[in-house]
There are 2 protein chains.
Amino acid sequence: MSTAKPSSMQSQAYEFIKRKITMCEYAPNELLSEAVLQSELGFSRTPVREAIGRLEQEGLLKVFPKRGIVVSGFTISDISMIFEVRRLVEPYTLRNYGNRLDMDKIAEFSKIFHEHVNAEEYTGFYELDDQFHSTLVSVLPNEYLCDLYSRIQTQIIRLRVMSGQMIESRLQRTMAEHADIADACLEHNWERASRAMVQHLQFSEESSLATLLKGYQNASII
Amino acid sequence: MSTAKPSSMQSQAYEFIKRKITMCEYAPNELLSEAVLQSELGFSRTPVREAIGRLEQEGLLKVFPKRGIVVSGFTISDISMIFEVRRLVEPYTLRNYGNRLDMDKIAEFSKIFHEHVNAEEYTGFYELDDQFHSTLVSVLPNEYLCDLYSRIQTQIIRLRVMSGQMIESRLQRTMAEHADIADACLEHNWERASRAMVQHLQFSEESSLATLLKGYQNASII
DNA sequence: TGTATATCACTTGTATACAAGTTGTTCTGT
DNA sequence: ACAGAACAACTTGTATACAAGTGATATACA
C-alpha cells in the first residue's frame, strides 16, 4: 500500500508528521506552525510545506493563512461519520470480495479469537484488531475505496489513542464478535459474515463514543 | 462545497489545472511539466508546485521524479472502480437520507425527465445528468463520503468528455430511468428509488464502457 | 560501421530571501 | 485609568537560486 519512495525529504516529513498526529503526539486541536515542524525535522521549509499541504488535504491539519496550523480535532459527528464509512465498506467487502480472502490467515485469526474469548487481558489487542480489519479490507480491488479506508484507518487509530485504555468487557465481546466474523468467512458464508460485521461495528461505535465521552467529559469534543 | 479562498495563487493554479484536466484540455496520459503549467499561469514555481501536489494526491496527475508529470490515464478497470463507488454510495444515500431531499427540486427534475422520455435530443443533457445525481448525493451528511464522491464526479466528467457525444438511445433510456428514480423519491419509496438507482448505474456503466471502447478502439485504455 | 563515453538540455528536489497579513504589546496623549 | 495608534514579533504566501537526477544526442574511438 505504501509507496516506495521514502527517500525524498517531503515524504519523510509527511510520514513523520502524520505519525505524530496519528499517535496524538500532536494532539487534536494543538497549535502548530511551519517553524515548529521544520525545527523538529531539520529540513527547510519547502519539503515541510508540501507535507503540510498533503496532510491538510487529508483533513489531518487545518491551515489558517498567516495565522498558523492546527491539528484537526474530533467531534462526535466525526465518530459517526467514521463508523458510517466502516459500516458501508467493510460488510460490502466481505459480501462481494470475501472469496479473495486468504483462508489460512483467517483461520489463524479465528484461532486467536477463540482462545481469548474469556481472557481478562490481551497485550497488543488493538494491533490485532487493526490487523484483522485491515486483512479483510485488503482484498478490496478498488483504489478509491482503499484510499478512503486508509483515511478512516488513521482516524480510527487516533480515536483509540485519544480514548486511552479500553474496558475489559469490550475485550471479550470484541473477541467473540471477531471470532463470529472469522468463522463465517471460513464457512464462505459471506452473508452471515457481513451481518456479523455490521453488528460488530455498531457495538464498536457505541463503545468508542462512550469511552471518548467518559474520558473527555464533554470537553471540546462537541 | 468549494472553499471560498480563491484569492491565493495556489488555489487559482489548482482550479485552473484541475479544470483543464477535467475538460480533457490536458488529455489523459498527456505529458506535462512544471514549466508548462507555470508559463500558462504566469505564476512562479511555488504555488504551481503545491497545486500539482494536491492534484497528484487526488490521482489526477502522476509525478515522476526528475522526469516529468503526466495526466492520469483511464483504464477499463478505472471505469469499473468508479461505478462500483457510485453503486455503493448513491443507492445508500437514497435509502438512508432520501427524506432530506428537497422534494420541490425533485419534482422539477421529474417533470423535465417525463417531458423528454421520447426526445431525440436535449441540449445540456449531461449537465442535467450531473445536476440530478449531485442533488441526490448532496444530502449525504458525511464528509468522507462527500470527498470521495467529488473525486468520482471529476472522473465521471472526464470520462464523458473523453468519450464524446452520446448515442440517442441512451438519452431516452436515461431520461426514463431518471424519471423512475425521481418518482420513487416523490413517493418516499426509498427502497424502490435505491433499486432503480442500482439498475440505472448498471446500465450507465455498460454504456460508458461501450462508448469508450468504440471511440478509442482499444487504444491505451487497457 | 558499431560502441562506449562525454556532454548537454531538461526535469524535479531543496534551500532561502523577501513580501505581506495578523495579533498582541507598548507607548502616547488625554 | 483609559483609548487609540504605532510598532514588533510572529505567521504563511510567493519568488528565485541552486542542487541533482535523467535521458537523448553528439562525439571519440576501435
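**Values against definitions**

Q: Which residues does Val89(B) touch, leaving aside those up to four places away in sequence?
A: Val89(B) touches Leu140(B), Leu148(B) and Tyr149(B), with residues up to four places away in sequence not counted. Contact means heavy atoms within 4.5 Å.

Q: What are the ground rules for these values?
A: This is a predicted model, where local features need pLDDT of at least 70, side-chain atom pairs count only at pLDDT 80 or more, and totals for chains, interfaces and linings use all residues. Residues are numbered from 1 along each chain as its sequence is written, chains are lettered from A and ligands numbered from 1 in the order in which they are written, and side-chain values use heavy atoms, with hydrogens and water left out.

Q: Where does Val89(B) lie, and how far is its C-alpha atom from that of Ser44(B)?
A: Val89(B) lies in helix H4 of chain B. Helices (H or I, at least four residues) and strands (E, at least two) are DSSP runs, numbered from the N terminus. The C-alpha atoms of Val89(B) and Ser44(B) are separated by 40 Å, and the two residues are 45 residues apart along the chain.

Q: What makes Thr93(B) buried or exposed?
A: Its relative accessibility is 1%, so Thr93(B) counts as buried. Thr93(B) is also found in helix H4 (residues 76-97) of chain B. Not counting residues up to four places away in sequence, Thr93(B) touches Gly98(B), Leu136(B), Val137(B), Val139(B) and Leu140(B).

Q: How do you know that the length of helix H6 of chain B agrees with its number of residues?
A: The expected span of a helix is 1.5 Å times one less than its number of residues. H6 of chain B (residues 125-137) has 13 residues, so it should span 18 Å; its end C-alpha atoms are 19 Å apart, which agrees.

Q: What makes H6(B) mostly covered?
A: Of its 13 residues, 10 are buried. Among them are Phe125(B), Tyr126(B), Leu136(B) and Val137(B).

Q: Why is Glu15(B) called partly exposed?
A: The relative accessible area of Glu15(B) is 48%, so it is partly exposed. Glu15(B) lies in helix H1 of chain B. Glu15(B) and Ala51(B) are 36 residues apart in sequence and 8.4 Å apart in space, C-alpha to C-alpha.

Q: What makes the phi of Cys24(B) worth noting?
A: Most residues other than glycine have a negative phi. Cys24(B) is not a glycine, yet its phi is positive, about 60°. Cys24(B) lies in the loop between helix H1 (9-22) and strand S1 (31-32) of chain B. At 17% relative accessibility, Cys24(B) counts as buried.

Q: What is the phi of Asn29(A), and why is the residue called partly exposed?
A: Asn29(A) has a positive phi of about 70° although it is not a glycine. Its place is in the loop between helix H1 (9-22) and strand S1 (31-32) of chain A. The relative accessible area of Asn29(A) is 46%, so it is partly exposed.

Q: How do you know that chain A is as compact as a globular protein of its length?
A: Chain A comes to nine helices and three strands. Its radius of gyration is 19 Å, close to the 17 Å that the globule rule gives for 222 residues, so chain A is as compact as a globular protein of that length. The radius is taken over C-alpha atoms, and the rule is 2.2 Å times the number of residues to the power 0.38.

Definitions and conventions. Buried means under 20% relative accessible area, exposed over 50%, partly exposed in between (1.4 Å probe, protein chains only).
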